Amino acid sequence: MSERTIERLIQSHPSQDGDGVKISRIHDFGGGLDPFLMLDELGSEHPGDYIGGFPPHPHRGIQTLTYVIHGGLTHEDHLGHSSTIGVGDAQWMHTGRGIIHSEMPLTDNQGLHAFQLWLNLPARDKLSPASYRDVHAAEMPRISSAASELIALGGDWQSSGERISGPLDALAGHGAVSHLKLHAGGTLTIDQAAPTLLVYVFEGELNIGGQAVSRGQLARLGEGTILGLSSDSGAQALLLAGYPHNEPIAHYGPFVMNTHEELDQALR
């Protein structure tokens, strides 16, 4: 049993995508977050920052996971899938050999706040059939106490002897994703030995192994089996765990393959 400490901190940076949607983005297409590639945070009280949404566009070679904190998103794709997710819901897309989809925003009285995560597919799955599913907040198991809550979107999570598994059970790289809520003065210890473990703070400030992680920062954890988390003032974060593919990554826009020749083929 060894505690995991921060080996790298990454600051999100402002960007935009789709039809002018303003986002905070963290990405690493060099394999530094393998099997994860990119995390976008969409959050604004001003509709002009996001109302254009993401009109139809293609993907190949990745999975996407979209998770809503406030507001909502409507998904449509060329395979005939159409659904809307709201507060606490998620949608997962296995793009495989190719899919064309759109995501258009909905608002509530707090505007829109959502995340989209990209997971890299291993070479053997990059040209597999595309698929899609959504899951609602009520389907997501939780580990709750007076001072903390851990919500499992996908994969396996364990804390204080309690083990839960999120409904998204086919995340690339044996991926696991959860939403952490810590109240002021709260602590939580998580058993997680996956080689890649990332924590993205999106509210408040989190303490990991004596080091503060502020809003908009992603911490990559070193080796170990135990993750200790605390917050003096309260915090929320996304936790991402997985197993790297250790394969070459070739990226161009919405396509992620293993070679530039495969990218050319995707464009054609």
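This is a predicted model: local features need pLDDT of at least 70, side-chain atom pairs count only at pLDDT 80 or more; totals for chains, interfaces and linings use all residues.
**View A. Strand β4 and its burial.** Strand β4 spans residues 36-44. Eight of the nine residues in β4 are buried, which leaves the strand mostly covered.

**View B. Strand β4 between its pairing partners β3 and β11.** Strand β3 (residues 21-27) runs antiparallel to β4, and four bridges join the two. Within this pairing, S24 has E41 of β4 as its bridge partner. Strand β11 (residues 112-120) is also antiparallel to β4, here with eight bridges. M38 lies opposite W118 of β11.

View C. Strand β9 covers residues 90-94. Five of its five residues are buried, so β9 is largely enclosed by the rest of the structure. In a regular strand, side chains alternate between the two faces of the sheet. Both faces of β9 are covered: on one side A90, W92 and H94 are buried, and on the other Q91 and M93 are buried.

**View D. Pairing of β9 with β6.** Strand β6 (residues 62-70) forms five bridges with β9 in the antiparallel sense. L65 is placed opposite W92 of β9.

**View E. Pairing of β9 with β12.** Strand β12 (residues 131-135) and β9 are likewise antiparallel, with five bridges between them. The bridge partner of W92 in β12 is R133.

How values were computed:
Residues are numbered from 1 along each chain as its sequence is written. Side-chain values use heavy atoms; hydrogens and water are left out. Buried means under 20% relative accessible area, exposed over 50%, partly exposed in between (1.4 Å probe, protein chains only). Two strands pair if DSSP finds at least two bridges between them.
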